[in-house]
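Here is a short walk through one structure.

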Amino acid sequence: KREVGHLTELTVEEFEQLEHLLPTEMSGADFVAKHGGHGDSATTIIPSVEYKVRDCTRHPICENARVSEFRALLGAPASKEQLRRLGALMLESHASYSAVGLGSDATDKLVALVRAAGESSGLYGAKITGGGSGGTVSVLG
């Protein structure tokens, strides 16, 4: 065992070995009853909401791995394979963000349109960037 200060210090493989220990979902009421709160004055736990605990835990871990791979790919020679993988990482990122419940219908629609148009239209991927008020969609083309 090793001490971890932040979720992104875990590899995807390490998380996959541990994720069965987390509930898939938990109500805000159950969380407060079990833990007393979360110590974050900027957010509120709503008792009636079902929170996707595993998805919310998985997202930053996998996002960190995706960002690391994306950065490495940017340093590689340009190719169709590179563009395809960069686009796939963007689409995976967007799907993960949406699974947590942070996306919006408008950004999901834009990403779906890019995915549908695809490589034959010169579009390789898209994802929400930034947050709050719906965010912004970044497109790779």
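How do the residues of the lining of the largest pocket divide into nonpolar, polar and charged? There are 11 nonpolar, 7 polar and 4 charged residues. Ala, Val, Leu, Ile, Met, Phe, Trp, Tyr, Cys and Pro count as nonpolar, Asp, Glu, Lys and Arg as charged, and the others, Gly among them, as polar.

This is a predicted model, where local features need pLDDT of at least 70, side-chain atom pairs count only at pLDDT 80 or more, and totals for chains, interfaces and linings use all residues. Residues are numbered from 1 along each chain as its sequence is written, and side-chain values use heavy atoms, without hydrogens and water.

A pocket is an open set of points on a 1 Å grid over the protein atoms alone, where a 1.4 Å probe fits, with protein on both sides within 12 Å along at least five of seven lines; lining residues have an atom within 4 Å of a point. The largest pocket holds about 800 Å³ of space. Its lining has 22 residues, and Phe 31, His 38, Tyr 51, Val 53 and Cys 56 lie nearest the centre. Two or more lining residues come from each of β1 (26-27), α2 (28-35), β2 (50-51) and α3 (53-74).

The second largest pocket has about 160 Å³. Lys 1, Arg 2, Val 4, Leu 10, Glu 14 and Leu 18 line it. Here 3 residues are nonpolar, none polar and 3 charged.

Now turn to strand β3 (residues 125-129). β3 and strand β4 (residues 136-140) run antiparallel, joined by 5 bridges. Gly 125 stands opposite Leu 140 in β4.

Methods:
Grid points are joined across faces, edges and corners, and a volume is the space filled by probe spheres set on the points. Helices (H or I, at least four residues) and strands (E, at least two) are DSSP runs, numbered from the N terminus. Two strands pair if DSSP finds at least two bridges between them.
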